[in-house]
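The sequence and the structure come before the text.

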Amino acid sequence: MSQEQQQPILMVIDQLVETFIDTYEPEANEYEAEEVFTMGKLRSFFCAYDPKPGFVDPIGEYLRILGENGFRLNVTMDGHPAIFVNRRRG
């Protein structure tokens, strides 16, 4: 067995993050939000589905990057984790 082990691969698509940040602005209140990005909706937007063997689940990295840009994970009234957003104007 080789002493060198291949590290898992993390794939993040920077253009998807840029598009999200350019399109939406964070909203702290669920009732004021135009859209609620649940984990399922975030996974769909970022194409961050269950990774193949040898790959790291990228959703944590997307959440980290979004958090650094003011998009905080909240809890909906239904008790689900989500990011609340409004569309940027002009």
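Cover is counted by contact, meaning heavy atoms within 4.5 Å. Helices (H or I, at least four residues) and strands (E, at least two) are DSSP runs numbered from the N terminus. The model is a predicted one, in which local features need pLDDT of at least 70 and side-chain atom pairs count only at pLDDT 80 or more, while totals for chains, interfaces and linings use all residues. Residues are numbered from 1 along each chain as its sequence is written, and side-chain values use heavy atoms, with hydrogens and water left out.

In α3, the buried residues are Ile59, Tyr62, Ile65, Leu66 and Gly67. Buried means under 20% relative accessible area, exposed over 50%, and partly exposed in between (1.4 Å probe, protein chains only). Just after α3, Gly70 has a positive phi of about 90 degrees.

The largest nonpolar core has 15 residues, and Phe20, Leu42, Phe46, Leu66 and Phe71 touch the most other members. Such a core is a set of buried Ala, Val, Leu, Ile, Met, Phe, Trp, Tyr and Cys residues joined through side-chain atoms within 4.5 Å. At least two residues of this core come from each of α1, α3 and β4, and α3 gives the largest share, four residues. Leaving aside residues up to four places away in sequence, Phe20 touches Phe37, Leu42, Phe45, Phe46, Leu66, Phe71 and Val85.

Thr76 sits in the loop between β3 (74–75) and β4. Thr76 counts as buried because its relative accessibility is 9%. With residues up to four places away in sequence not counted, Thr76 touches Glu30, Val36, Ala82 and Phe84.

## Salt bridges

Seven salt bridges are found in a search of the whole structure. The term stands for a side-chain nitrogen of Lys or Arg within 4 Å of a carboxyl oxygen of Asp or Glu.

| Pair | N to O distance |
|---|---|
| Glu25 and Arg88 | 3.8 Å |
| Glu34 and Arg89 | 2.2 Å |
| Asp57 and Arg43 | 2.8 Å |

The side chains of Glu25 and Arg88 form a salt bridge. This pair joins distant parts of the chain, 63 residues apart, with Glu25 in strand β1 (residues 24–26) and Arg88 in the segment after β4 (81–87). Glu25 is partly exposed because its relative accessibility is 32%, and Arg88 is partly exposed at 38%.

Glu34 and Arg89 also meet in a salt bridge. Here the distant parts are 55 residues apart: Glu34 is in the loop between β1 and β2 (35–38), and Arg89 is in the segment after β4. Glu34 is partly exposed, at 40% relative accessible area, whereas Arg89 counts as exposed at 60%.

A salt bridge joins Asp57 to Arg43. Asp57 is in the loop between α2 (39–45) and α3 (59–68) and Arg43 is in helix α2, so this pair ties together parts 14 residues apart in sequence. Asp57 is partly exposed, with 28% relative accessibility. A network of salt bridges links Glu35, Lys41 and Arg87.

## Surface patch

On the surface, Ile9, Met11 and Phe55 form a nonpolar patch with about 260 Å² of accessible area together. Patches are made of residues with over 30% relative accessible area and no salt bridge; like charges are joined within 9 Å and nonpolar side chains (Val, Leu, Ile, Met, Phe, Trp, Tyr) within 5 Å. Accessible areas come from the Shrake-Rupley method with a 1.4 Å probe, and for residues only the protein chains shown count as cover. Ile9 lies in the segment before α1 (14–23) and is partly exposed, at 35% relative accessible area.
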